[in-house]
Amino acid sequence: MRAPLRLALAVSLLALLLLYDAAGHQFSEDEMAGTRQRIKSMFYHAYNSYLDNAFPYDELRPLTCDGQDTWGSFSLTLIDALDTLLVLGNQTEFQRVASLLQDTVDFDIDVNASVFETNIRVVGGLLSAHLLSGRGGAELEPGWPCAGPLLRMAEDAARKLLPAFQTPSGMPYGTVNLLRGVSPTETPVTCTAGVGTFILEFATLSRLTGDTVFENVARRALRALWNTRSDIGLVGNHIDILSKKWVAQDAGIGAGVDSYFEYLVKGAILLQDEELLNMFLDYDRSIQNYTRFDDWYLWVQMHKGTVSMPVFQSLEAFWPGLQSLLGNLDSAVRTFQNYYSVWRQFGGLPEFYSIPQGYTVDKREGYPLRPELIESAMYLFRATGDHTYLQLGLDALESIERIAKTPCGYASIKDLRDHQLDNRMESFFLAETVKYLYLLFDPAHFLHGGGAEGAESWEEGGEGGQCVLGAGGFIFNTEAHPLDPAALYCCSRHAQERQELRDILLSLSQPSEKTGSQSQPPSRPTEDPPLDQSESIALKPGERKTAPLLSCPVQPFSARLTVLGQVFSDNT
């Protein structure tokens with residue numbers, strides 16, 4: 001094993017030479033502005049091609065200029081691209097599409113959908129668009145961001161996923177029928193990321209709506225997965241959610257696992273949650289100890305730590321960006337250099353790359369226009385200001401334009417060796433790849449908390465406009481949909497205040513005990529007991545949530561004493 005790894009070290013040295021050459025150019029403001037314009041043109045060529053040839057199907061087929069349903073038959077590309085429109089500054093189209101989706105998308109359909117993909121693309125996309133609606137010039141409901149039509153759509157979609165979580169372990173099935181729930185014949189085997197990639201969207205949904213069921217099931221799944229780690233602190237690739245036994249025992253940071261680690265870090269930041277951060281830090285110690293070789297990350301056996309696959313997968317390229325969020329810049333930079341050397345070798349990242357051989361792996365030579373290396377470049381440029389990362393962005397832009405552009409959009413690259421194309425344009429091309437490219441070349445963008453808009457970069461929201469929103473600190477989900485932590489805090493605070501007010505009014509409305517009986521304080525409603533297998537945490541088709549037993553008009557905190565004053569006004 002060590003001889004091939006010496007070859008890997010030679011590849012790393014070559015990467016340093018290539019990067020030294022790339023780092024020489026310093027981009028001017030005019031060059032960055034010109035590149036942003038080219039990225040916009042790329043987006044609109046793909047976006048307009050989808051509208052003209054594929055809508056309302058999920059995805060565009062760019063070689064035959066038509067569409068196909070892939071993940072659920074709900075105009076997925078349009079949902080995924082909605083917040084990108086606003087990132088590029090197109091408020092008019094953002095408003096038009098937001099209204100169009102409300103009129104045309106229906107989740108009450110007899111379709112088998114990926115729980116993972118529906119969450120990150122649909123729920124995440126709708127939540128992000130909802131939270132950006134104020135900046136998008138849309139008409140806002142009173143109390144936004146704690147209410148709104150896109151938020152209700154996100155909640156509706158998420159409720160369709162809840163039956164998948166109704167398992168003894170709390171870990172969800174991988175597929176659910178949006179109308180009928182989980183099929184009796186559904187396989188219990190799912191990937192690690194399919195269990196651990198919900199806390200961002202589901203906690204956001206719970207904090208905005210006040211319904212804790214979403215965050216609760218996401219946390220239960222995370223804790224169940226945490227309890228299955230091996231004695232050396234690693235998790236495998238696929239698990240049986242019923243038996244909690246690992247079916248695929250390869251441990252790494254790539255496909256099938258990647259976003260689980262991502263969500264522990266980003267969930268810790270978004271929710272200010274030490275439990276999630278400590279989980280990741282424990283994993284990271286094992287990852288660094290067992291899988292890291294010469295700033296590459298290999299696949300190892302989860303119980304023994306022995307190397308099982310000395311390959312780099314393109315999905316692993318998110319890792320340097322994640323490291324930068326934790327301040328591990330030296331390690332992040334060196335790993336990025338390795339990954340960038342592969343890009344420069346092929347003009348893209350092959351799905352699998354053999355580190356010892358320095359070449360693609362058979363039947364894994366494709367590049368479906370993934371965003372992960374561009375994502376890491378964006379984070380590292382923000383952290384270091386090094387123009388090497390801008391050069392990667394320009395390389396990516398030119399490679400995609402030269403290799404993947406067709407008259408009807410941009411096609412996935414079937415084989416990077418000879419640039420054969422595949423008849424598919426994944427929705428993440430518009431949701432992630434183009435978005436991260438644009439943000440890489442726009443360091444003053446509002447999503448970075450940039451200063452281009454000065455004091456006007458923030459917004460008022462919440463009840464009575466008491467919340468400051470959009471001031472920075474956005475967290476991107478694994479589909480590049482930005483979530484505003486301030487909105488979660490705003491709605492959580494108001495929900496807590498409303499609940500306290502309800503409790504006060506409820507206590508005052510209780511009938512007094514008969515004279516001579518022992519006086520007892522009114523009791524709060526108790527929480528529902530844990531669900532057993534016969535109970536359902538999801539609404540049945542056509543069923544609606546019932547209003548709480550006691551409801552009252554929304555009141556800001558400052559109005560509490562006024563309400564109490566009115567209650568006691570007869571006695572004063």
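## A tour by disulfide, sheet and cavity

Select C467 and C490: a torsion of 85° about the S-S bond makes their link right-handed. The model is predicted. The sulfur atoms of C467 and C490 sit 2.1 Å apart, forming a disulfide. Now colour by secondary structure. C467 belongs to strand 21 (residues 467-469) and C490 to helix 17, so the bond ties together parts that are 23 residues apart in sequence.

**Next stop: C146 and C491**

A disulfide joins C146 to C491, with an S to S distance of 2.2 Å. This pair links distant parts of the chain. C146 is in the loop between helix 5 (115-131) and helix 6 (149-161), while C491 is in helix 17 (residues 485-509). The two cysteines are 345 residues apart. Which hand does this disulfide have? The torsion about the S-S bond of C146 and C491 is about -100°, so the disulfide is left-handed. Check the surface again: C146 is buried, and C491 is buried too.

**Then C65 and C408**

Select C65 and C408. Their disulfide has an S to S distance of 1.9 Å. Here too the pair links distant parts of the chain, 343 residues apart. Look for C65 in the loop between strand 1 (59-61) and strand 2 (66-68). C408 is in the loop between strand 16 (405-406) and strand 17 (409-410). View along the S-S bond: at 90°, the link of C65 and C408 is right-handed. Now compare the exposure of the two ends. C65 has a relative accessible area of 29%, so it is partly exposed. C408 counts as buried because its relative accessibility is 10%, and buried means under 20%.

Show every disulfide together. How many does a search of the whole structure find? The search finds three. Counting bonded cysteines along the chain, the pattern is 1-3, 2-6, 4-5.

Hide the side chains and show the cartoon. Pick T190: its bridge partner in strand 6 is I239.

**Sheet 13-14-15**

Move along to another open sheet, also of three strands, in the order 13-14-15 and with antiparallel pairing. Its edge strands are strand 13 (311-313) and strand 15 (359-360), and each of them pairs on one side only. Strand 13 is joined to strand 14 (residues 352-354) by three bridges, and the two run antiparallel. Pick V311 to find its bridge partner in strand 14, S354.

**Last stop: the cavity**

Select S314, W343, L349, Y367, R370, E372 and L373, which line the largest cavity. How much space lies in that cavity? About 40 Å³. The structure holds one cavity of 30 Å³ or more. Colour the lining by class: four residues are nonpolar, one is polar and two are charged.

Technical notes: Residues are numbered from 1 along each chain as its sequence is written. This is a predicted model: local features need pLDDT of at least 70, side-chain atom pairs count only at pLDDT 80 or more; totals for chains, interfaces and linings use all residues. Side-chain values use heavy atoms; hydrogens and water are left out. On a 1 Å grid over the protein atoms alone, a cavity is a set of points where a 1.4 Å probe fits but cannot get out, and a pocket is an open set with protein on both sides within 12 Å along at least five of seven lines; lining residues have an atom within 4 Å of a point. Grid points are joined across faces, edges and corners, and a volume is the space filled by probe spheres set on the points. Ala, Val, Leu, Ile, Met, Phe, Trp, Tyr, Cys and Pro count as nonpolar, Asp, Glu, Lys and Arg as charged, and the others, Gly among them, as polar. A disulfide is a pair of cysteine sulfur atoms within 2.5 Å. Helices (H or I, at least four residues) and strands (E, at least two) are DSSP runs, numbered from the N terminus. Buried means under 20% relative accessible area, exposed over 50%, partly exposed in between (1.4 Å probe, protein chains only). Two strands pair if DSSP finds at least two bridges between them.
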